[in-house]
Amino acid sequence: MVFFVFIATSMAAAKSQSTFRLIYDLFRANCSSGGCHVSASNPIFNAEGSESDLYASLVNALPVNPTARAKGYKLVDPGHPYNSFLLYKIGSDLDPYLTLGPEFGERTPQAHSTLNDYDIELVRQWILMGAPQTGNKVNYPLLVEYYTQGGFDMLPIPATPSPLEGMQVRVGPIFLAPGEEVEWDIKQHLRNQNTLKVYRTEGFMSWQSHHMLLFKYNGDGSGVREGLRRVPTEAFPFNGDVTLTGAWQNDDDFILPEGTAFFWRPNTVLDFDYHIKNYSNTEILPSDFYLNIYFDTSNTRNIEMHAKLVNNAALLLFRGDNSRVASENFHEDRYIYMMSSHLHKWGTDFDVYLKNADGSRGAQIYEGFFNEDYSFNQGYYDWEHPPIRYFNPMPKASYGLEYTARWNVGVPFVTFGLTADDEMMLFTYLYTKEEVPQLPAASPERVESSQITLSPNPFTTGFHVDLHLDHAAKTTIELRDVPGKKIMTHECGLLQPGNHQMWISSELMPFSGIYFVIIRINGEAVKTEKITKI
């Protein structure tokens, strides 16, 4: 039986000690004499030695439990709390995601009544940071405040695909102080033994998330450390040799065309780029992201979908109007399924063209003046919500692509960089190397967020919700303030196919500032949009 009993460490010590020293003191003070055991003669690890002894007995150590070993768990797997058996043994009462089955043995019953939630969270956050032996890497006082005084609720755990259909990956929780903004990268090892044909990626995220970008390493990700890596100071541009696989600004479910799938080879390593901002000035935010990955079990998707990120990092832009032209060169048939672009705050336009056999510019296939879902030309480039175009039919590019960008720079000069004060010139696209027979028709039960717009933003007296439905659907408009309090729920009822417009009066929003509009179609949140009252 494992025995863990923790006591809270003083807040003064928490500010001065390394994170692992806090954990070491907790184990030293509260584990039973001679180590923490599954039986009297079978120690999981020994907490009576030095700090280095304890670290060596925990980090990358194999668990005693044979079922945990068979699943590939370690006692502490740096950067991977949900592959760390220690966390399951102490945390099943903290988070249902950590629930143990009987085959893993008994949890820590004495800790059941005495282990503080914030101390369990300290262990999880330490593992999430890469389980470092030195350095103060976790804001322990923030965890104590959250679990004793409260904050935003944790994101509910979404339904998980069955093991035969797919898998679920969790990134978080990541705790943000009031007003804090962070962007982190973190590696995720899938440990797949066979090639996975992935046809669907379904993302669920905390409502104050800015974006989640999913990359796949072209290699094994070696040379990039485990655990959360702060962007841009600890992450190389685009996380090394990677390709973009997906992007979320709110909950969304991406399904590739029939017959196609991403082919993820054995031992695939993913990299998540998670950008979060806590808009509240009073509440602590625990931010989470869940990704459901679905596999082609029928073996009918035999056309590989490829992802490409094209970047022109040779940027030196001076005050005023600037323009650049660059090329993505290849000589093979590529059938393009999706395309999007990325500039920063000085960006004013982004266009992509097919190239002709002689290298000259051909037909334009991407116009940066379109809105986010590429449903209409709005007359300007929205760098925070660039257009995402899905092609049906999929155009064939055989001789490369030409892309152009424009900026109106308001400072003496800018260069390439990862922050909004720097600039970028990149685009991403998905493509196949053979023609796809046909694309699937839209599901009558789902309305994509691309069919919904809010205007004006910012607003003074109110704003319109413009909605286009291809199929009849029950529609709800939800309005929340920054702390997450629901201000209004407007049940529109069953709306018929076509265009609809609703007016939301500013009288419902007594204060100037940021609000969130959530659109639900047939009960599903298909768009969460930040809107500002001035």
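We're looking at a predicted model, where local features need pLDDT of at least 70 and side-chain atom pairs count only at pLDDT 80 or more, while totals for chains, interfaces and linings use all residues. Residues are numbered from 1 along each chain as its sequence is written, and side-chain values use heavy atoms, with hydrogens and water left out.

Let's start with charges. Side chains of opposite charge can pair when their charged atoms come close. I'm calling something a salt bridge when a side-chain nitrogen of Lys or Arg is within 4 Å of a carboxyl oxygen of Asp or Glu. By that rule we get 21 salt bridges.

Have a look at aspartate 288 and arginine 170, which form one of these, with their closest N and O atoms 3.0 Å apart. This pair links distant parts of the chain: aspartate 288 sits in strand β12 (residues 285-295) and arginine 170 in strand β3, 118 residues apart. When I say strand or helix, I mean DSSP runs numbered from the N terminus: E for strands, at least two residues, and H or I for helices, at least four. Both aspartate 288 and arginine 170 are buried. Buried here is under 20% relative accessible area, exposed is over 50%, and partly exposed is in between, using a 1.4 Å probe and protein chains only.

Next pair: aspartate 253 and arginine 200, a salt bridge with closest N and O atoms at 2.7 Å. Aspartate 253 is in strand β9 (residues 252-255) and arginine 200 in strand β5 (residues 196-205), so the pair ties together parts that are 53 residues apart in sequence. Again, both aspartate 253 and arginine 200 are buried.

Then there's aspartate 271 with arginine 229, whose side chains meet in a salt bridge at 3.0 Å, N to O. Here aspartate 271 belongs to strand β11 (residues 269-277) and arginine 229 to strand β7 (residues 229-230), so this pair ties together parts that are 42 residues apart in sequence. Aspartate 271 is buried, with a relative accessible area of 0%, and arginine 229 counts as buried at 2%. There's a network too: salt bridges that share partners join Asp95, Glu121, Arg124, Arg170 and Asp288.

Back to strand β3 (residues 166-176), this time for glutamine 168. Is glutamine 168 buried or exposed? Glutamine 168 counts as buried because its relative accessibility is 13%. Its side chain makes a polar contact of 3.3 Å with the side chain of tyrosine 97, and also reaches the backbone oxygen of proline 158 at 3.4 Å. A polar contact, by the way, is a pair of N or O atoms within 3.5 Å; within protein, one must be able to donate a hydrogen and the other to accept it, and residues adjacent in sequence count only if both atoms are side-chain atoms.

Now over to helix α3 (residues 51-58), where Glu51, Leu54, Tyr55, Ser57 and Leu58 are buried. They cover an arc of only 165° around the axis, which puts them on the same side of α3; that arc is taken from the directions from the helix axis to the C-beta atoms.

Just after α3 comes asparagine 60, with a positive phi of about 65° although it is not a glycine. Asparagine 60 is in the loop between α3 and α4, and at 43% relative accessibility it counts as partly exposed.

Alanine 131 also has a positive phi, near 50°, in a residue other than glycine. Alanine 131 lies in the loop between α7 (117-128) and α8 (140-149), and at 0% relative accessibility it counts as buried.

What touches proline 78, leaving aside neighbours within four places in sequence? Proline 78 is in contact with Val59, Asn60, Ile127, Gly130, Ala131 and Glu226, where contact means heavy atoms within 4.5 Å. Its C-alpha is separated by 4.3 Å from that of glycine 130, 52 residues apart along the chain.

Last stop, cis peptide bonds. The bond from asparagine 392 to proline 393 is cis, with omega near 5°, and proline 393 lies in the loop between β19 (388-390) and β20 (396-397). A cis bond also joins asparagine 457 and proline 458, with omega about 10°; proline 458 is in the loop between β23 (452-455) and β24 (462-469).
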